[in-house]
Amino acid sequence: MTTVGDYTLADLFTLPDLPCRADLIDGHLYFPRPQNRFHSITGDLLLNGLRRTLPPVFRVRRNMTVVLDRRNAIDNR
């Protein structure tokens, strides 16, 4: 059985003292562990590869929140 938490997207952006990275999944707040060196290097390689190969009409950004709906958002800050 899946439970739905009480948090919404508005809470993710307005609650004080949240860690710099928090995910909202089915209304529950999750706090992922800090990225290790592998994740950092992989992210840099992907970011630089996309920037080199995509047409100029596209922009590649890092450190943003991907909002799926009012109870689901992945924060990549």
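Student: Which residues make up the largest nonpolar core?
Tutor: Keep in mind that this is a predicted model. Its largest nonpolar core has six residues. Two of them are alanines, Ala22 and Ala73, and the others are Leu9, Leu12, Leu24 and Leu29.

Student: Which residues does Leu29 contact, leaving aside neighbours within four places in sequence?
Tutor: Leu29 is a member of the largest nonpolar core. Two of its contacts, Leu12 and Leu24, belong to that core as well.

Student: Is Thr8 buried or exposed?
Tutor: Thr8 is placed in the segment before helix H1 (9-14). Not counting residues up to four places away, it touches Leu24, Arg70 and Arg71. Its relative accessible area is 14%, and the limit for a buried residue is under 20%, so Thr8 is buried.

Student: What separates the C-alpha atoms of Gly5 and Leu29?
Tutor: Gly5 also lies in the segment before H1. Its relative accessible area is 8%, so it counts as buried. It touches Asp26, Gly27, His28 and Arg71, residues up to four places away not being counted. Gly5 and Leu29 are 24 residues apart along the chain, yet their C-alpha atoms are separated by 8.3 Å.

Student: What is the phi of Asp26?
Tutor: Asp26 is in the loop between E1 and strand E2 (28-30). With a relative accessible area of 32%, it is partly exposed. Its phi is positive, although the residue is not a glycine. The value is near 50 degrees.

Student: And what is the phi of Asp17?
Tutor: Asp17 lies in the loop between H1 and E1. It is exposed, at 79% relative accessibility. Here too phi is positive in a residue other than glycine. Phi of Asp17 is near 65 degrees.

Student: How many bridges join E3 to strand E4?
Tutor: E4 covers residues 72-75 and runs antiparallel to E3. The two strands form a hairpin, with two residues between them. The number of bridges joining them is four.

Student: Which residue in E4 is the bridge partner of Thr65?
Tutor: Take the two named pairs in turn. Asp69 has Asn72 as its bridge partner in E4. For Thr65, the bridge partner in E4 is Asp75.

Student: What is the accessible area of the nonpolar patch formed by Leu46, Leu50, Leu54, Val57 and Phe58?
Tutor: One of its members, Val57, is in the loop between helix H2 (37-53) and strand E3 (65-69). Val57 is exposed, because its relative accessible area is 69% and exposed means over 50%. The patch is on the surface. Together, its residues have an accessible area of about 480 Å².

Student: How far apart in space are Asp17 and Val57, C-alpha to C-alpha?
Tutor: Asp17 is exposed, at 79% relative accessibility. Val57 is exposed as well, at 69%. They are 40 residues apart in sequence. In space, C-alpha to C-alpha, they are 37 Å apart.

Definitions and conventions: Residues numbered from 1 in each chain as written. Predicted model: local features only at pLDDT ≥ 70, side-chain atom pairs only at ≥ 80, totals over all residues. Heavy atoms only, no water. Patch = residues over 30% accessible without salt bridge, like charges linked within 9 Å, V, L, I, M, F, W, Y side chains within 5 Å. Areas by Shrake-Rupley, 256 points an atom, 1.4 Å probe, with all protein chains shown as cover. Salt bridge = Lys/Arg side-chain N within 4 Å of Asp/Glu carboxyl O. Buried < 20%, exposed > 50% of the residue type's maximum accessible area, 1.4 Å probe, protein only. Core = buried A, V, L, I, M, F, W, Y, C linked by side-chain atoms within 4.5 Å. Contact = heavy atoms within 4.5 Å. Pairing = 2+ DSSP bridges.
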